[in-house]
Amino acid sequence: MKLFSWNVNGIRSVQRKGFLEWFEAQKPDIVCVQETKAQPHQLSEELLNPLGYHASWFSAEKKGYSGVATFSRREPLSVRKGMGNRLADREGRVLISEFPELTLINAYFPNSQREHTRLDFKLSFCHSMMRLMNKMRREGRHVALCGDFNIAHREIDLTNSKQNRNSAGFLPQERAWMDRLLKNGYVDSFRHFCDEPGHYTWWSQRLGVRERNIGWRLDYFATNPELVDRYRAARIQPQVKGSDHCPVVLELKP
């Protein structure tokens with residue numbers, strides 16, 4: 001089972017940069033995208049249901065902002081839009097798809113912003129997400145959370161950690177939430193396989209930054225520990241362009 005997550009920074013923009021060609025080449029079972037920045041009625045038919053996949057869309061009330069979508073080869077048993085956090089749900093940040101083998105949460109975490117003006121909102125979102133995941137686990141479900149967390153967890157997850165200690169995405173409060181996620185038993189799938197620095201999923205759009213690999217790892221697949229036995233691989237695709245983020249991949253055994 002091949003699962004992909006990608007902050008596309010505008011679904012219509014990335015379509016013009018080869019999104020559908022990338023999609024077809026991956027032969028995915030599920031693709032989750034974040035920051036779609038579009039309402040479904042604004043999209044072409046080939047983008048609404050790419051390659052005939054089942055599509056679930058959850059857009060922000062504000063046009064051209066936020067939004068998530070999940071494309072799956074098989075139709076989910078159910079789809080839930082939002083997670084019960086009123087402000088976050090108005091911004092179209094969470095889609096929950098129920099499949100026989102797992103519950104997949106596609107999430108676009110808020111950015112704390114340069115002056116940390118949305119830090120409280122970000123932490124509220126994080127705590128709501130943890131409560132939701134723990135509730136699902138208590139109900140006996142396998143849970144996979146993917147998306148743009150807007151958090152670099154450890155110093156190896158960004159190039160210039162010392163210079164960014166007070167930067168949104170690397171704040172102590174944000175990193176502490178990631179610590180709690182792992183202490184609750186959830187597994188950062190990429191770090192399960194690789195504990196080396198230099199692997200990033202986001203780069204500033206300033207000239208030459210991506211070419212020099214000056215980046216941050218902000219995009220994740222995190223699962224409950226019972227799913228680890230089914231891990232086959234977890235990868236990052238930095239060679240895939242079209243957005244300031246790149247796709248991340250989790251492969252599961254049947």
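This is a predicted model: local features need pLDDT of at least 70, side-chain atom pairs count only at pLDDT 80 or more; totals for chains, interfaces and linings use all residues.
User: Why is the contact between Arg 137 and Glu 226 called a salt bridge?

Analyst: The side chains of Arg 137 and Glu 226 meet at 3.6 Å, N to O. A salt bridge requires a side-chain nitrogen of Lys or Arg within 4 Å of a carboxyl oxygen of Asp or Glu, so the pair qualifies.

User: What makes this pair a tie between parts apart in sequence?

Analyst: Arg 137 belongs to helix 5 (residues 119-138), whereas Glu 226 sits in the loop between strand 12 (219-223) and strand 13 (231-236), so the parts tied together are 89 residues apart in sequence.

User: Why does Glu 226 count as partly exposed?

Analyst: Its relative accessibility is 45%. Buried means under 20% and exposed over 50%, so Glu 226 falls in between.

User: How do you know that Asp 195 and Arg 154 form a salt bridge?

Analyst: Their closest N and O atoms are 2.9 Å apart. That value is within the 4 Å cut-off, and the pair therefore meets the definition. Asp 195 has 48% relative accessibility and Arg 154 has 31%; both values lie between 20% and 50%, so each residue is partly exposed.

User: How does the lining of the largest pocket divide?

Analyst: The lining comprises 8 nonpolar, 15 polar and 7 charged residues. The pocket holds about 750 Å³ of space.

Terms used
Residues are numbered from 1 along each chain as its sequence is written. Side-chain values use heavy atoms; hydrogens and water are left out. On a 1 Å grid over the protein atoms alone, a cavity is a set of points where a 1.4 Å probe fits but cannot get out, and a pocket is an open set with protein on both sides within 12 Å along at least five of seven lines; lining residues have an atom within 4 Å of a point. Grid points are joined across faces, edges and corners, and a volume is the space filled by probe spheres set on the points. Ala, Val, Leu, Ile, Met, Phe, Trp, Tyr, Cys and Pro count as nonpolar, Asp, Glu, Lys and Arg as charged, and the others, Gly among them, as polar. Helices (H or I, at least four residues) and strands (E, at least two) are DSSP runs, numbered from the N terminus. Buried means under 20% relative accessible area, exposed over 50%, partly exposed in between (1.4 Å probe, protein chains only).
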